[in-house]
Amino acid sequence: MREKFTIFYRPAQHQGQENIKGLTYKYRIELDEPFANITNGEQFAGIGGKCLETGDYKRFRMDRITSMVGEFRL
């Protein structure tokens, strides 16, 4: 079973619109794997995973994550 997290994220764009106000959005994610940004020379740029609400695959740059909380079940 993959780890699940609630991520608060300040994207450059949200739903196709530029995030001019710098708003933060909440996502519940089942983490998949980290990703690199070769263009910027970053071996670790962020994380990706499946959004639990929509089923869409999303990627989150580490420099835009404001908070990340693990979901644990007892």
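Tutor: The largest nonpolar core has ten residues in all: Phe5, Ile7, Tyr9, Tyr27, Ile29, Leu31, Ile47, Cys51, Phe60 and Ile65. A nonpolar core here is a set of buried Ala, Val, Leu, Ile, Met, Phe, Trp, Tyr and Cys residues joined through side-chain atoms within 4.5 Å. Buried means under 20% relative accessible area, exposed means over 50%, and partly exposed lies in between, with a 1.4 Å probe and protein chains only. At least two residues of this core come from each of β1 (4-9), β4 (25-37) and β5 (42-51). In soluble globular proteins, nonpolar side chains tend to be buried together.

The model is predicted: local features need pLDDT of at least 70, side-chain atom pairs count only at pLDDT 80 or more, and totals for chains, interfaces and linings use all residues. Residues are numbered from 1 along each chain as its sequence is written, and side-chain values use heavy atoms, with hydrogens and water left out.

Ile29 is itself one of the core residues.

The strands named above belong to a protein with zero helices and seven strands. Both are DSSP runs numbered from the N terminus, helices being H or I of at least four residues and strands E of at least two. Of the 74 residues, 28% count as buried. Among contacts between residues at least 6 apart in sequence, 40% join residues at least 24 apart. The C-alpha atoms fill a box of roughly 40 × 30 × 20 Å along the principal axes. The accessible surface is about 5600 Å², of which 48% belongs to carbon and sulfur atoms; areas come from the Shrake-Rupley method with a 1.4 Å probe, and for residues only the protein chains shown count as cover.

Next, the loops. Asn19, in the loop between β3 (17-18) and β4, counts as buried because its relative accessibility is 11%. Leaving aside neighbours within four places in sequence, Asn19 is in contact with Arg10, Pro11, Ala12, Gln13 and Tyr25. Arg10 lies in the loop between β1 and β2 (13-14) and is partly exposed, at 38%. Gln15, in the loop between β2 and β3, is exposed at 71%. Gln15 has a positive phi of about 50 degrees although it is not a glycine. Most residues other than glycine have a negative phi.

The largest pocket holds about 220 Å³ of space. Of its eleven lining residues, the closest to its centre are Arg2, Glu3, Lys4, Glu71 and Phe72. On a 1 Å grid over the protein atoms alone, a pocket is an open set of points where a 1.4 Å probe fits, with protein on both sides within 12 Å along at least five of seven lines; lining residues have an atom within 4 Å of a point. Phe72 lies in the segment after β7 (65-70) and counts as exposed, at 73% relative accessibility. The C-alpha atoms of Phe72 and Asn40, 32 residues apart along the chain, are separated by 34 Å.

Note on methods: Grid points are joined across faces, edges and corners, and a volume is the space filled by probe spheres set on the points. Contact means heavy atoms within 4.5 Å.
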